[in-house]
Each structure stands twice: as structure tokens, then as C-alpha cells.
Amino acid sequence: MGLSSIAASLSEDEGTVEDVLEPYLIANGYLERTAKGRRATRATYNVLNIDLINEEGIEF
């Protein structure tokens, strides 16, 4: 997911997301930056009590 998408979904300024929210989420293991954008980690899914499913549709 891109920064602008995250900011829009939170109704926040992109600068706020990048400078305040993102470092907190990365430091606490809830978000990681990849070549394709930001990605929620397994810890995020656990906190939100959501099953993590891979590309083949297999829960892990």
C-alpha cells in the first residue's frame, strides 16, 4: 500500500503519516516497508484478530 493511500484512508496529511505514524508502527513491528510499498506484518493481523492468508488462499 502506498503512503498516499494510507493517508487518505486515515484522513491525515501524508507528512504526518510518514513522520509520526509510520516510524512508530515500524519500530513496534506492525508495519514494514517493501519495494511494493508498506505492508502489515503478522503482528498487525494478530492484534486485529484477523486470519493471515497467503496468495494461494492458505491460512497461516
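Threonine 41 counts as buried because its relative accessibility is 12%, where buried means under 20% relative accessible area, exposed over 50% and partly exposed in between, computed with a 1.4 Å probe on protein chains only. The structure is a predicted model, in which local features need pLDDT of at least 70 and side-chain atom pairs count only at pLDDT 80 or more, while totals for chains, interfaces and linings use all residues. Residues are numbered from 1 along each chain as its sequence is written, and side-chain values use heavy atoms, with hydrogens and water left out.

Threonine 41 sits in the loop between β2 and α3 (42–47). Helices (H or I, at least four residues) and strands (E, at least two) are DSSP runs, numbered from the N terminus. Leaving aside residues up to four places away in sequence, threonine 41 touches Gly29, Tyr30, Leu31 and Glu32; contact means heavy atoms within 4.5 Å. A polar atom of the threonine 41 side chain lies 2.5 Å from the backbone oxygen of glycine 29. A polar contact is a pair of N or O atoms within 3.5 Å; within protein, one must be able to donate a hydrogen and the other to accept it, and residues adjacent in sequence count only if both atoms are side-chain atoms.

Threonine 44 belongs to helix α3. Its relative accessibility is 15%, so threonine 44 counts as buried. With residues up to four places away in sequence not counted, threonine 44 touches Tyr30 and Leu31. The backbone oxygen of tyrosine 30 is 2.4 Å from a polar atom of the threonine 44 side chain.

The next topic is charged side chains. How many salt bridges does a search of the whole structure find? The search finds three, a salt bridge being a side-chain nitrogen of Lys or Arg within 4 Å of a carboxyl oxygen of Asp or Glu. Glutamate 22 forms a salt bridge with arginine 33, and the closest N and O atoms are 3.8 Å apart. Glutamate 22 lies in helix α2 and arginine 33 in strand β1 (residues 31–34), so this pair ties together parts that are eleven residues apart in sequence.

Arginine 39 is partly exposed, its relative accessible area being 48%. Glutamate 32 is partly exposed as well, with a relative accessible area of 31%.

Helix packing comes next. Helix α1 (residues 3–10) and helix α2 (residues 14–27) pack at an angle of about 100 degrees, and their axes are 8 Å apart. Axes are lines fitted to C-alpha atoms, for helices over the stretch in contact, and angles run from 0 to 180 degrees between N-to-C directions. The angle makes α1 roughly perpendicular to α2, since angles of 65 to 115 degrees count as roughly perpendicular, under 35 as roughly parallel, over 145 as roughly antiparallel and the rest as oblique. On the α1 side, Leu3, Ser4, Ile6, Ala7 and Leu10 meet Glu14, Val17, Glu18 and Leu21 in α2. The residues of this contact divide into six nonpolar, one polar and two charged; Ala, Val, Leu, Ile, Met, Phe, Trp, Tyr, Cys and Pro count as nonpolar, Asp, Glu, Lys and Arg as charged, and the others, Gly among them, as polar.

Backbone angles remain. Most residues other than glycine have a negative phi. Serine 11, in the loop between α1 and α2, has a positive phi of about 55 degrees although it is not a glycine. Serine 11 is exposed, with a relative accessible area of 66%. Asparagine 49, found in the segment after α3, likewise has a positive phi of about 55 degrees without being a glycine. At 72% relative accessibility, asparagine 49 counts as exposed.
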